[in-house]
Amino acid sequence: MKNVLSEIKNHVLTGISYMIPLVIAGAVIMAISRVGGSIYGIKDIWDEKYVHSGNAVIQLLHSIDGFGGTALGLMFPIISAFIAYSVVDKLGVAPGLVGGMLVKDINAGFLGAIASGLIAGYICLLIKDNIKLPKTMESVVPVFLVPVLGTLGTLLLINYVIGVPFTALNVGLEHWLNGLSGGNQIIMATVVGAMVGFDLGGPVNKAAVTTAMALLTSQVYAPNTAAQVAIIIPPIGLGLATIFAKNKYNTELREAGKSTIIMGLVGVSEGAIPFAVENPTKVVPSTVIGSAIGSAMAVGLGAVNEAPISGFYGWFTVQSWPIYVISIATGSIFVALFNVILRSKDAGDNDNLNKDEEDYSFDEAEWES
């Protein structure tokens, strides 16, 4: 049972890894459009009324926003297709894509897309392993039977078995999240932030981030706001710690700290991993708490990030962006100070330790001679 769950987790993570570049591409394209729109004082550049604007630049910006939306619209088909691909290689791509499109059409959400990919993959695997034809007709299985039967079986199961409950779950989740206000919304943001800060790009982080991004397609923005704030707090905070307390970090980590800040600013949580590996008992609690603080502060004070963009190039498209930036700074400074205060003073003395060991080895050899 444990091996099966581990296998399923790996398939899901594969699908997510293929989906993320698509989401980033769509998000950045939309950000370009919305930053451009803000120059003209337009906050809803996606509105259809700008199709016939007398300003050609505004028309172009509206079209560009649509291009980004097209990319984001492929989120569910892509994650479904590549989960299926992970299960059964290229045989699962076509059924996974079509299944993902059906999930999108019936509003079954992110969980429905995951289910679609697994169903498509395992149906195709079952067909491939169990339908045996004479040697002269073997080629019929991969080019005809698997795509046709795999796609049909996937669509039937989604439409008549899992579609209704997953759609109900997704709609219920949307209504619940949209109904949150005040303290409840802050609690939700705190949980999302803590999850994102926990394993810095690992399964818990990806579960929170991808779910938050998927909810954007339903115009639910608070989870995404919390997630995008939390993504960049750990690397920025840990990079700042190496600046605030240089004497507590060895040369290698001080150098890593410089690039970690840059990685944070462009939205890469993984920049913090070297610090978490080196001292997990202090670093991980700091990133969890710091990310939770920043996320709760941003959502609680009314910042709204409508695009799955964590990097600095998207900050100024956020509603109430000064609050958003202050929330990031607050969480990052907490992470930095937490690590500076709790880190022992001699933790960065590896360089000196290595030098002492070299000196000792030299003296011992001299003594023996």
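**Figure 1. Overall make-up of the protein, with 14 helices and zero strands.** The model shown is predicted. From the N terminus on, the elements run α-α-α-α-α-α-α-α-α-α-α-α-α-α. Taken along the principal axes, the C-alpha atoms fill a box of roughly 80 × 65 × 40 Å. Of the 369 residues in the protein, 46% are buried. Among contacts with a separation of 6 or more, 74% are between residues 24 or more positions apart.

**Figure 2. The nonpolar cores.** The largest nonpolar core has 76 residues. Ile-79, Val-196 and Ile-328 are the residues with the most contacts inside this core. Helix H9 gives the most to the core, with eleven residues. A second, separate core has five residues, including Ile-45, Tyr-50, Ile-58 and Leu-61.

Figure 3. Helix H1 covers residues 2-39 and contains Val-23. Val-23 has a relative accessible area of 1%, so it counts as buried, the limit being under 20%. Apart from its neighbours within four places in sequence, Val-23 is in contact with Leu-72, Met-75, Met-213 and Pro-308. Asp-89 is 66 residues from Val-23 along the chain, and the C-alpha atoms of these two residues are separated by 23 Å.

Figure 4. Tyr-18 is partly exposed, with a relative accessible area of 37%. The pair of Phe-334 and Phe-338 is tilted, with 5.7 Å centre to centre and 45° between the planes. Both Phe-334 and Phe-338 lie in helix H13 (residues 321-342), four residues apart, which is about one turn of the helix. In general, an α-helix has 3.6 residues a turn, so residues three or four places apart point the same way. Phe-334 is partly exposed at 26% relative accessibility, whereas Phe-338 is among the buried residues of H13. Tyr-18 and Phe-82 also belong to one aromatic cluster with Tyr-85.

**Figure 5. Arg-343 and the ring of Tyr-249.** Arg-343 lies over the face of Tyr-249. The distance from the ring centre is 4.1 Å.

**Figure 6. His-62 and its contacts.** His-62 has its place in helix H2, which spans residues 56-73. With a relative accessible area of 9%, His-62 is buried. A polar atom of the His-62 side chain lies 3.2 Å from the backbone oxygen of Asp-47. Leaving aside neighbours within four places in sequence, the residues in contact with His-62 are Ile-45, Trp-46, Asp-47, Glu-48, Tyr-50 and Val-51. Two of these contacts, Ile-45 and Tyr-50, are members of the second core.

Figure 7. H12 has 21 residues, which should span 30 Å at 1.5 Å a residue; its end C-alpha atoms are 29 Å apart, which agrees. The buried residues of H12 include Val-283, Ser-286, Thr-287, Gly-290, Ser-291 and Ala-292. Gly-294, Ser-295, Ala-296, Ala-298 and Val-299 are also among them. These buried residues pack against helix H7 (182-199), H9, helix H11 (273-278) and H13. Just after H12, Gly-302 takes a positive phi of about 100°.

**Figure 8. Helix H13 and what covers it.** H13 has 22 residues and reaches 32 Å from its first C-alpha to its last, close to the 32 Å expected at 1.5 Å a residue. Its buried residues are Tyr-324, Ser-327, Ile-328, Gly-331, Ser-332, Val-335, Ala-336, Phe-338, Asn-339 and Val-340. Helix H9 (222-244) and helix H12 (280-300) are included in what covers these residues. One of the buried residues, Ile-328, is also among those with the most contacts inside the largest nonpolar core.

Conventions
Residues numbered from 1 in each chain as written. Predicted model: local features only at pLDDT ≥ 70, side-chain atom pairs only at ≥ 80, totals over all residues. Heavy atoms only, no water. Helix = DSSP H or I, 4+ residues; strand = E, 2+ residues; numbered from the N terminus. Buried < 20%, exposed > 50% of the residue type's maximum accessible area, 1.4 Å probe, protein only. Contact = heavy atoms within 4.5 Å. Phe/Tyr/Trp six-rings, centres within 6.5 Å; stacked < 30°, edge-to-face > 60°. Lys NZ or Arg CZ within 6 Å of the ring centre and 35° of its normal. Polar contact = N/O pair within 3.5 Å; in protein donor to acceptor, adjacent residues only side chain to side chain. Expected span 1.5 Å × (residues − 1). Core = buried A, V, L, I, M, F, W, Y, C linked by side-chain atoms within 4.5 Å.
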